[in-house]
Amino acid sequence: MPPGGFEPPTARSSAGRSPAELRRRAIVIIYAGGLRFNAGEYSMVVRVLIQPISWFSPELLWRVEDILANMFDGASFIVSSDVILPPLTSFNWLRRQYYSPLILKYVYEKTYDIIMNEHIYVICLGDIDAYSDNLNFVFGEAAPSLNVACVYTRRLKIPGQTQYIPRDLYLDRIIKEIIHEWGHLLGLTHCTNKRCVMSFSNSVIDVDEKTPFFCEKCRNILLHRYGIVQRNILD
Ligand SMILES: [Zn+2]
Ligand SMILES: [Zn+2]
């Protein structure tokens, strides 16, 4: 220890950590690349990486991160500045849609290290149209066994027929669908409360009818399992 008892931050940050722990930190810092955080500092909260799989405006991504970060205690959200493009093998040329399960698997393989070592949930965000088994299209899909979910925003821009969508409505829909898929990753199933964010949405009308908030029943599950608290609640 230097004179005066002052220990430089660099010495303190690595002292007392096991080699495995240091390795985990290194993996995240290396993977992070363009990320603006050191995941090692958030060991007590649930970590969520929002992973773009298509281009979005930086302003929209910043607002997504800001809204989510301010909405929950016990969870930390970060938007990756890297884009993981879905493989062309996941594109069905006849349907002109992406096959969602293949994208989930692909992103899981790409982010395997951080999912395994840092217990991060990955939620992809793609301005593409996707379908899944027995479903013509999906706004999103979650694979809880992989810790990966996807939200597909292309159809969140189309309300029924054709009409101009205000930017904030598009953002609201994206936020609701991200929280919905994250809820699935945390073990929640569809909720019968139509205003609860875990309510199933068959159309954008359903998306607009629900709120971005968990109902009391869903809230209690998140609190007791993960210590997650949503700051604003349904009245
Ligand atoms: Zn769902
Ligand atoms: Zn609910």
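## Cysteines

A disulfide is a pair of cysteine sulfur atoms within 2.5 Å. In this predicted model, that rule gives a count of zero disulfides. Take C150. The closest cysteine sulfur to its own is in C124, 3.5 Å away. That is too far for a bond, because the cut-off is 2.5 Å.

C150 is buried, at 0% relative accessible area. C218 also counts as buried, since its relative accessibility is 2% and the limit for burial is under 20%.

## Overall make-up

The protein has 235 residues, and 49% of them are buried. Its secondary structure comprises eight helices and 11 strands. Contacts across the sequence are well represented: of those with a separation of 6 or more, 68% join residues 24 or more positions apart.

## Zinc site

Which residues are the protein donors of the zinc ion (ligand 1)? They are H180, H184 and H190, and each gives its NE2 atom. The donor distances run from 2.0 to 2.1 Å. Along the sequence, the donor residues follow the spacing H-x3-H-x5-H.

How do the donors stand in terms of accessibility? H180 is buried, with a relative accessible area of 4%. H184 counts as buried too, because its value is 16% and the limit is under 20%. H190 is partly exposed, at 39% relative accessibility.

## Around H180

H180 sits in helix α6. Beyond its neighbours within four places in sequence, H180 is in contact with H190, V197, M198, S199, F200 and K210. Another, F200, is among the residues nearest the centre of the largest pocket.

F214 lies 34 residues from H180 in sequence. In space the two are 9.0 Å apart, C-alpha to C-alpha. F214 is one of the residues with the most contacts inside the largest nonpolar core.

## Nonpolar cores

The largest nonpolar core holds 42 residues. Those with the most contacts inside it are I50, L68, F72, I123, I178, W182 and F214. The elements that each supply at least two residues of this core are β1 (46–52), α3 (58–71), β3 (75–79), β6 (120–126), β10 (148–152), α6 (167–185), α7 (204–209) and α8 (216–226). Helix α6 gives the largest share, eight residues.

L68 shows how parts of the chain meet. Leaving aside neighbours within four places in sequence, L68 touches I50, F77, I175, I178 and I179.

A second, separate core has 21 residues. Its members include V107, I114, A130 and V148.

## Largest pocket

What is the volume of the largest pocket? It comes to about 310 Å³. The lining is made up of 18 residues. L135, V138, F139, G140 and F200 lie nearest the centre of the pocket. Strands β8 (135–138) and β9 (140–143), together with helix α6, are the elements that give two or more residues to the lining.

## Strand β9 and A142

A142 is found in strand β9. Leaving aside neighbours within four places in sequence, A142 is in contact with L104, V148, A149, E181, H184 and L185.

A142 and S100 are separated by 42 residues in sequence. Their C-alpha atoms are 9.5 Å apart.

## Positive phi in two loops

Most residues other than glycine have a negative phi. R96 has a positive value, near 55°, and is not a glycine. R96 lies in the loop between β4 (91–92) and β5 (97–99). Is R96 buried or exposed? R96 is exposed, with a relative accessible area of 56%.

N134 also has a positive phi, of about 65°, although it is not a glycine. The loop that holds N134 runs between β7 (130–132) and β8. N134 counts as exposed, because its relative accessibility is 81% and exposed means over 50%.

Definitions and conventions. Residues numbered from 1 in each chain as written. Chains lettered and ligands numbered in written order. Predicted model: local features only at pLDDT ≥ 70, side-chain atom pairs only at ≥ 80, totals over all residues. Heavy atoms only, no water. Donors = N, O, S within 2.8 Å, 3.2 Å for Na, K, Ca; no water. Buried < 20%, exposed > 50% of the residue type's maximum accessible area, 1.4 Å probe, protein only. Core = buried A, V, L, I, M, F, W, Y, C linked by side-chain atoms within 4.5 Å. Helix = DSSP H or I, 4+ residues; strand = E, 2+ residues; numbered from the N terminus. Contact = heavy atoms within 4.5 Å. 1 Å grid on protein atoms, 1.4 Å probe; cavity = no way out; pocket = protein on both sides within 12 Å on 5 of 7 lines; lining within 4 Å. Points joined across faces, edges and corners; volume = space filled by probe spheres on them.
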